[in-house]
Amino acid sequence: MEINIKKALESLESLRVEKEENEKRIKYLRQRKEKLEAAGGSEVADTVKGNDGKHSILIRGTAWPEYDHVIKILTQREANLSNLNVKIEEQIKETEEIINMLTDSTIRRMLTYKYIDRLTWQQTALRMGGRYTADSCRKAVERFLK
């Protein structure tokens with residue numbers, strides 16, 4: 001199996017953003033479920049005429065089948081997002097392992113600083129030491145990835 005390190009590095013940030021978005025969705029779904037559970041279902045109401053045809057009577061109740069259906073859907077969506085996050089975490093871990101397998105210490109450090117630690121090229125150069133600039137780090141990585 002050929003490892004495409006360039007593609008793995010390019011997708012790393014997108015994976016992290018997707019994971020953060022999924023975590024927000026999961027939080028929203030949990031809050032929505034808690035709100036429904038606290039309300040005890042969805043309330044329904046209707047008005048009917050009395051026997052004399054003159055008086056209206058308000059009838060209220062809980063639509064349990066609808067409530068159960070909504071809770072089931074929310075629980076399923078939450079589980080799907082959680083499973084997706086596990087897959088995303090695995091992809092992030094695999095990319096980190098690819099970087100750690102590299103034999104060139106300089107490139108390995110640059111890739112770690114830039115893609116794992118999420119530093120700018122300027123910050124990467126500072127971590128690399130005095131003889132490196134942002135441009136020299138960026139170009140070294142570009143040459144390596146070609």
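## Salt bridges in the predicted model

A search of the whole structure finds nine salt bridges, each defined as a side-chain nitrogen of Lys or Arg within 4 Å of a carboxyl oxygen of Asp or Glu. This is a predicted model, in which local features need pLDDT of at least 70 and side-chain atom pairs count only at pLDDT 80 or more, while totals for chains, interfaces and linings use all residues. Residues are numbered from 1 along each chain as its sequence is written, and side-chain values use heavy atoms, with hydrogens and water left out.

| Pair | N to O distance |
|---|---|
| K19 and E23 | 2.5 Å |
| R127 and D117 | 3.7 Å |
| R138 and E142 | 3.1 Å |

Let us start with K19 and E23, which sit four residues apart in helix α1 (residues 5–39), about one helical turn from each other. Helices here are DSSP runs (H or I, at least four residues), numbered from the N terminus. K19 is buried at 18% relative accessible area, whereas E23 is partly exposed at 36%. Buried means under 20% relative accessible area, exposed over 50%, and partly exposed in between, with a 1.4 Å probe and protein chains only.

R138 and E142 are likewise separated by about one helical turn, being four residues apart in helix α5 (residues 134–145). R138 is partly exposed at 26% relative accessibility, and E142 is partly exposed at 40%. Elsewhere, salt bridges that share partners join K19, E23 and E89 into one network.

The R127 and D117 side chains also meet in a salt bridge. R127 is partly exposed, with 46% relative accessibility, and D117 is partly exposed, with 36%.

How values were computed: Helices (H or I, at least four residues) and strands (E, at least two) are DSSP runs, numbered from the N terminus.
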